[in-house]
Amino acid sequence: QVQLVESGGGLVQPGGSLRLSCAASGSISRIIVMGWYRQAPGKQRELVATIATGSSPNYVDSVKGRFTISRDNAKNTAYLQMNSLKSEDTAVYYCNVQAILWSSRGPNIYWGQGTQVTVSS
């Protein structure tokens with residue numbers, strides 16, 4: 001069992017910044033990938049950023065240069081620093097984790113409940 005607790009969402013003006021956090025807990029043996037997805041009303045969920053153990057981050061083109069994903073391995077926590085926010089960044093942001101549990105034979109995918117980010121004047 002894995003629980004993902006997301007925080008840091010809210011209302012911000014265009015050009016502002018937010019930092020999202022995702023803390024994973026449970027009987028985790030190894031986290032392979034942590035990432036963030038987002039979904040705006042009436043739109044499909046899209047990948048925003050991912051970071052795999054021992055690898056470099058990946059970003060969707062629309063956030064490159066503005067967003068930074070990072071990870072604290074000791075805390076099993078991922079962060080998404082969001083700078084120069086635009087109205088089109090408005091969405092529910094979901095944490096996503098690929099992990100292996102101590103009791104599991106292979107990796108599984110886990111989702112957070114989502115946190116709302118609204119960029120508006």
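The legends below describe close-up views of one predicted model. Local features are given where pLDDT is at least 70 and side-chain atom pairs count only at pLDDT 80 or more, while totals for chains, interfaces and linings use all residues. Residues are numbered from 1 along each chain as its sequence is written, and side-chain values use heavy atoms, with hydrogens and water left out.

**View 1. An open sheet is built from four strands in the order β1-β3-β8-β7.** The pairing in this sheet is antiparallel, where strands are DSSP runs (E, at least two residues) numbered from the N terminus, and two strands pair if DSSP finds at least two bridges between them. At the edges lie β1 (2-7) and β7 (67-72), each of which pairs on one side only. From one strand to the next the twist averages 15°, with axes taken as lines fitted to C-alpha atoms and angles running from 0 to 180 degrees between N-to-C directions.

**View 2. Strand β8 pairs with β3 and with β7.** Six bridges join β3 (residues 18-26) to β8 (residues 77-82), and the two strands run antiparallel. Along this pairing, Leu20 stands opposite Leu80, and Arg19 has Gln81 as its bridge partner. The pairing of β7 with β8 is likewise antiparallel and covers six bridges, with Ser70 opposite Tyr79. In the hairpin of β7 and β8, four residues lie between the strands, and Asn76 takes a positive phi near 50°. Because five of its six residues are buried, β8 is largely enclosed by the rest of the structure; buried means under 20% relative accessible area, exposed over 50%, and partly exposed in between (1.4 Å probe, protein chains only).

View 3. A salt bridge is a side-chain nitrogen of Lys or Arg within 4 Å of a carboxyl oxygen of Asp or Glu, and the structure holds four of them. The side chains of Arg38 and Glu46 meet at 2.7 Å, N to O; Arg38 counts as buried at 6% relative accessibility, whereas Glu46, at 31%, counts as partly exposed. Arg38 also forms a salt bridge with Asp89, with the closest N and O atoms 3.0 Å apart. This pair links distant parts of the chain, since Arg38 belongs to strand β4 (residues 28-39) and Asp89 to the loop between β8 and β9 (91-101), 51 residues apart. Arg66 lies in the loop between β6 (58-59) and β7, so its pairing with Asp89 ties together parts that are 23 residues apart in sequence. Both Asp89 and Arg66 are buried.

**View 4. Asn96 is a buried residue of strand β9.** The relative accessible area of Asn96 is 9%. Leaving aside neighbours within four places in sequence, Asn96 is in contact (heavy atoms within 4.5 Å) with Val33, Met34, Gly35, Tyr37, Ile109, Tyr110 and Trp111.

**View 5. Gln13 is an exposed residue in the loop between β2 (10-12) and β3.** Its relative accessible area is 55%. Not counting residues up to four places away in sequence, Gln13 touches Val119 and Ser120. Although Gln13 and Ser120 are 107 residues apart in sequence, their C-alpha atoms are 5.0 Å apart in space.
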